[in-house]
Amino acid sequence: MDGKKLEYKGEEALKEIERLTSKADKVQLNILKEILTRNVETEYLSKYMKGSQEVADFKKCVPVITYKEIQPYIQRIANGEDSSLITGHPITEMLCSSGTSGREPKMMPTIAEDLDRRTFIYNLIMPIINQYVPDLDKGKAMFLYFVKAEMSTPCGLPARTVLTSYYKSNHFKCRGEDPFNNCTSPDQTVFCNDSNQSMYCQLLSGLLHRHQVLRLGAVFASAFLRAISFLERNWVNFCNDIRTGKLDPLITDPDCRKSMAKILSSPDPDLADEISSICSLQSWKGILCQLWPKAKYIEAVVTGSMAQYILALEYYSDGKLPLVGTMYASSECYFGVNLKPFCDPADVAFTLMPNMGYFEFIPLGRGENGTSRVMDIEEDEDEDVLSDKLVDLVHVKLGGYYELVVTTFAGLYRYRIGDVLQVTGFHNQAPQFRFICRRNVVLSIDTDKTNEEDLHRSITVAKKLLEPFNALLVEYTSYADTSRVPGHYVMYWEIVHHHGSLSPSPTVDSLINNVVTPLDDRVLQECCIAVEEELDYIYRRCRSHDKSVGPLEIRVVEPGTFEALMDYFINQGGSINQYKTPRCIKSKKALKLLDSNVKARYFSPRDPHWSPK
């Protein structure tokens with residue numbers, strides 16, 4: 001990527017957006033040709049292209065894939081084989097996706113110049129926002145950034161999240177002075193691996209600069225709400241630090257202490273009293289505007305599973321701070337930006353930048369006669385997709401639903417991202433997409449993404465703990481409870497008891513719906529942790545290390561509850577012939593029905609096992 005593009009600011013950045021989107025078709029074609037030229041001799045492409053660099057041969061011969069097809073190549077590179085298996089450039093690290101394969105995080109290959117592409121997207125954000133909010137260079141941003149625990153591959157390649165990769169790169173560490181990106185958090189507090197110490201220092205820095213803060217935010221809405229919860233628990237300590245001019249001795253990280261000493265240099269009892277009087281209020285509605293009175297907006301991802309946090313953010317800001325989603329990105333590729341960042345969160349649409357990678361789309365359905373419907377979203381995501389079914393970036397249709405497919409310089413070819421998008425408009429030639437959902441994701445609180453298969457496997461293991469007590473799990477469903485921070489998974493279980501031993505395949509007639517002997521509380525608690533232990537690496541990290549997800553809960557419901565649930569959905573227009581118990585409930589009325597039949601609640605007694613690898 002042209003190094004000059006990394007330096008684009010202000011009007012130059014906006015002109016570059018216009019240039020790229022005005023000829024998106026040509027940019028996309030050139031990107032694909034460049035990828036093929038560089039990578040034609042790789043083992044993967046040679047298998048399908050036989051040395052050809054023709055775009056037509058690529059579209060005809062290279063299959064559409066999911067992670068399981070590329071994973072063997074990635075694993076070979078992780079074990080020490082050459083990057084030329086999939087790319088013509090050295091792979092510098094593996095990025096751990098929030099998705100998983102075999103309960104382990106998916107590893108996405110990345111090359112050095114990918115950091116240039118990510119930086120290019122980041123550098124577009126402020127020029128776009130400056131069109132809507134003036135004078136953001138006159139103050140600071142309290143953006144809360146965190147690194148995740150790192151691991152390494154067998155051959156020594158770093159394996160870490162895409163954000164950790166960026167924060168630890170020279171692109172971030174050696175960035176120049178920029179009044180539009182003047183953050184309250186010292187870099188050393190961002191780099192701290194202890195999330196609690198990092199959070200403490202970053203929030204304290206934000207409070208020390210409260211009268212200079214013009215912007216608030218974190219990458220995800222869940223992380224920002226977690227910060228508010230942390231503030232609620234620790235504001236007395238923050239005020240004590242500010243009043244005395246001394247950092248709490250519980251902060252032991254030497255780099256954090258050194259960096260904080262520069263800004264917590266002397267006692268400030270007046271500032272401590274201001275903060276104390278605000279945080280002592282009975283209601284925290286609008287607390288953000290009171291603590292940071294000059295703040296103009298909150299920046300965070302509020303689309304997809306993060307939309308569940310919008311109401312909470314609006315409560316803490318009293319609806320006075322717009323919620324701004326700026327960009328669309330993943331571990332595989334950074335995709336695009338929101339050209340109207342101050343729109344309603346429900347209307348957020350991202351313009352894909354055609355120079356980020358080569359984009360294709362699997363049609364899933366269209367909105368017709370003013371209605372919206374996704375026709376094929378429930379198809380098996382491992383089902384083969386015919387190459388001629390794919391649509392190029394500039395040929396998607398307004399109102400259409402699509403699954404995003406990407407080809408990258410780092411060695412992903414026609415790779416299904418798994419995101420379902422809807423075309424809401426166009427900016428010049430470039431389509432604008434609304435994020436609809438992730439395919440096959442049932443539960444998500446933070447960066448965790450649990451699909452139906454993972455949930456079923458986990459419950460299958462856990463329910464075996466009931467068998468010695470002649471108890472049987474006959475039905476279950478779930479939902480992600482985000483009414484408190486951190487949110488947590490809730491399982492609704494309907495359990496019946498049986499006189500005598502349970503056969504491997506009990507019949508309905510063999511079950512007795514009256515509970516004979518209540519199960520010991522310990523058994524259900526062990527069921528909770530058994531489910532968690534079987535969930536994937538990302539979930540267990542969020543629970544045990546990041547503390548961004550709370551203990552899993554099982555709510556045992558009265559016999560007959562799931563029959564009542566079926567009646568409810570059929571009365572809503574469902575077909576009894578096609579009814580399947582939904583494994584995740586989002587309907588408030590359905591949740592109310594379930595909760596009205598809860599007779600006992602149990603929580604995991606400990607964190608699931610997790611360790612960086």
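# Structural briefing: sheet pairing, helix packing and backbone features

Strand 7 and strand 8 are paired in the parallel sense, with 2 bridges between them. The model in which this pairing occurs is predicted. The protein has 613 residues, of which 54% are buried, and its secondary structure amounts to 20 helices and 22 strands. Of the contacts between residues at least 6 apart in sequence, 72% link residues at least 24 apart.

- Strands of a sheet are joined through backbone hydrogen bonds, in either a parallel or an antiparallel arrangement.
- Strand 6, residues 213-220, pairs with strand 7, residues 297-301, in the parallel sense over 4 bridges.
- Within strand 7, I298 is the residue opposite L216, and V301 is the residue opposite F220.
- E299 has V324 of strand 8 as its bridge partner.
- Strand 7 is mostly covered, with 4 of its 5 residues buried.

**Packing of helix 1 against helix 6**

- A pair of packed helices is described by the angle and the distance between the two axes.
- For helix 1 (residues 10-22) and helix 6 (residues 114-129), the axes come within 9 Å and cross at roughly 115°.
- Helix 1 is therefore roughly perpendicular to helix 6, the range for that class being 65 to 115 degrees.
- The crossing of helix 1 and helix 6 is left-handed.
- On the helix 1 side the contact involves G10, A13, L14, E16, I17 and L20, which meet F120, N123, L124, P127 and I128 of helix 6.
- By class, the residues in this contact of helix 1 with helix 6 comprise 8 nonpolar, 2 polar and 1 charged.

**Packing of helix 16 against helix 17**

- The axes of helix 16 (residues 452-462) and helix 17 (residues 521-534) come within 8 Å, and their crossing angle is roughly 140°.
- Helix 16 is thus oblique to helix 17, since an angle must be over 145 degrees to count as roughly antiparallel.
- The crossing of helix 16 and helix 17 is right-handed.
- Helix 16 contributes R457, S458, I459, V461 and A462 to the contact, while helix 17 contributes C527, A530, V531 and E534.
- The contact of helix 16 with helix 17 divides by class into 6 nonpolar, 1 polar and 2 charged residues.

**Backbone features in loops**

- The peptide bond joining V485 to P486 is cis, and its omega is near -5°.
- P486 is located in the loop between strand 19 (471-481) and strand 20 (488-497).
- K50 is not a glycine, yet its phi is positive, at about 55°.
- The loop between helix 3 (43-49) and helix 4 (55-61) contains K50.
- K50 is classed as exposed because its relative accessibility is 68%, against a threshold of over 50%.
- N470, likewise a residue other than glycine, has a positive phi near 55°.
- N470 lies in the loop between helix 16 and strand 19.
- N470 is classed as partly exposed because its relative accessibility is 25%, a class that runs between the 20% limit for buried and the 50% limit for exposed.

- T252 is situated in the loop between helix 11 (221-244) and helix 12 (254-261).
- T252 has a relative accessible area of 54% and is therefore exposed.
- With residues up to four places away in sequence left out, T252 touches Q197 and R257.
- Q197 and T252 are 55 residues apart along the chain, and their C-alpha atoms are separated by 8.0 Å.

Technical notes. Residues are numbered from 1 along each chain as its sequence is written. This is a predicted model: local features need pLDDT of at least 70, side-chain atom pairs count only at pLDDT 80 or more; totals for chains, interfaces and linings use all residues. Side-chain values use heavy atoms; hydrogens and water are left out. Buried means under 20% relative accessible area, exposed over 50%, partly exposed in between (1.4 Å probe, protein chains only). Contact means heavy atoms within 4.5 Å. Axes are lines fitted to C-alpha atoms, for helices over the stretch in contact, and angles run from 0 to 180 degrees between N-to-C directions. Angles under 35 degrees count as roughly parallel, over 145 as roughly antiparallel, 65 to 115 as roughly perpendicular and the rest as oblique. A crossing is left-handed if the near helix is turned anticlockwise from the far one by less than a right angle, and right-handed if clockwise. Ala, Val, Leu, Ile, Met, Phe, Trp, Tyr, Cys and Pro count as nonpolar, Asp, Glu, Lys and Arg as charged, and the others, Gly among them, as polar. Two strands pair if DSSP finds at least two bridges between them.
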